[in-house]
Amino acid sequence: MAIDPVCKMEVDAAQAAGQSEYGGTTYYFCSTACKNAFDQEPQRFAS
Ligand SMILES: [Zn+2]
C-alpha cells in the first residue's frame, strides 16, 4: 500500500486513480483531484 500524500489515505498502487513522479519518487493518489493538487504544488506535499 502507498500513502496518498495529499489526503494521507492509504492507496493500493495497483488501483490508484493516478500517479506522479517527483524527486525520483512515485506517488499514488486516491482520486484525480488529489493528483491535480499534487501536480500543481508537488513541493508542498512531497516529504
Ligand atoms: Zn487522496
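Q: Which residues is Y28 in contact with, leaving aside its neighbours within four places in sequence?
A: Y28 is in contact with A2, D4, V11, A13, A16 and Q19 once those neighbours are left aside. Contact here is a matter of C-beta atoms, placed from the backbone, lying within 7 Å of each other.

Q: Before we go on, what kind of model is this, and how are residues numbered?
A: The model is predicted, so local features need pLDDT of at least 70 and side-chain atom pairs count only at pLDDT 80 or more, while totals for chains, interfaces and linings use all residues. Numbering starts from 1 along each chain as its sequence is written.

Q: How many helices and strands does the protein have?
A: Helices (H or I, at least four residues) and strands (E, at least two) are DSSP runs, numbered from the N terminus. In this protein there are 2 helices and 4 strands, and from the N terminus on they run β-β-β-β-α-α. The C-alpha atoms fill a box of roughly 25 × 20 × 15 Å along the principal axes.

Q: What share of the residues count as buried?
A: A residue is buried with 20 or more other C-beta atoms within 10 Å of its own, exposed with 12 or fewer, and partly exposed in between; the C-beta atoms are placed from the backbone. Here 21% of the 47 residues are buried. On contacts, taking pairs at least 6 apart in sequence, 28% join residues at least 24 apart.

Q: Which residues make up the largest nonpolar core?
A: Nonpolar side chains tend to be buried together in soluble globular proteins. A nonpolar core is a set of buried Ala, Val, Leu, Ile, Met, Phe, Trp, Tyr and Cys residues joined through C-beta atoms within 7 Å. The largest one in this protein has 7 residues: V11, Y27, Y28, F29, C30, C34 and F38. At least two residues come from each of β4 (25–29) and α1 (32–40), and β4 gives the most, with 3 residues.

Q: How many bridges join β3 to β4?
A: Two strands pair if DSSP finds at least two bridges between them. Strand β3 (residues 18–22) and β4 are joined by 5 bridges and run antiparallel. Within this pair, Q19 has Y28 as its bridge partner, and Y22 has T25.

Q: What can I say about G23 and Y22?
A: G23 is exposed because 9 other C-beta atoms lie within 10 Å. Although 19 residues separate G23 from P42 in sequence, their C-alpha atoms are 9.3 Å apart. Y22, in strand β3, is partly exposed because it has 14 C-beta neighbours inside 10 Å. Not counting residues up to four places away in sequence, Y22 touches Y27, P42 and A46.

Q: Which residues of α1 are buried?
A: An α-helix has 3.6 residues a turn, so residues three or four places apart point the same way. In α1 the buried residues are C34, K35 and F38. They lie on the same side of α1 because they cover an arc of only 100° around the axis; that arc is taken over the directions from the helix axis to the C-beta atoms. On the other side of α1, T32 and Q40 are exposed. The cover over the buried residues of α1 includes β3, β4 and α2 (42–45).

Q: What is the phi of K8?
A: Most residues other than glycine have a negative phi. K8, which is not glycine, has a positive phi near 70°. The residue lies in the loop between β1 (2–3) and β2 (10–11). K8 is exposed because 10 other C-beta atoms lie within 10 Å.

Terms used. Two residues are in contact if their C-beta atoms, placed from the backbone, lie within 7 Å.
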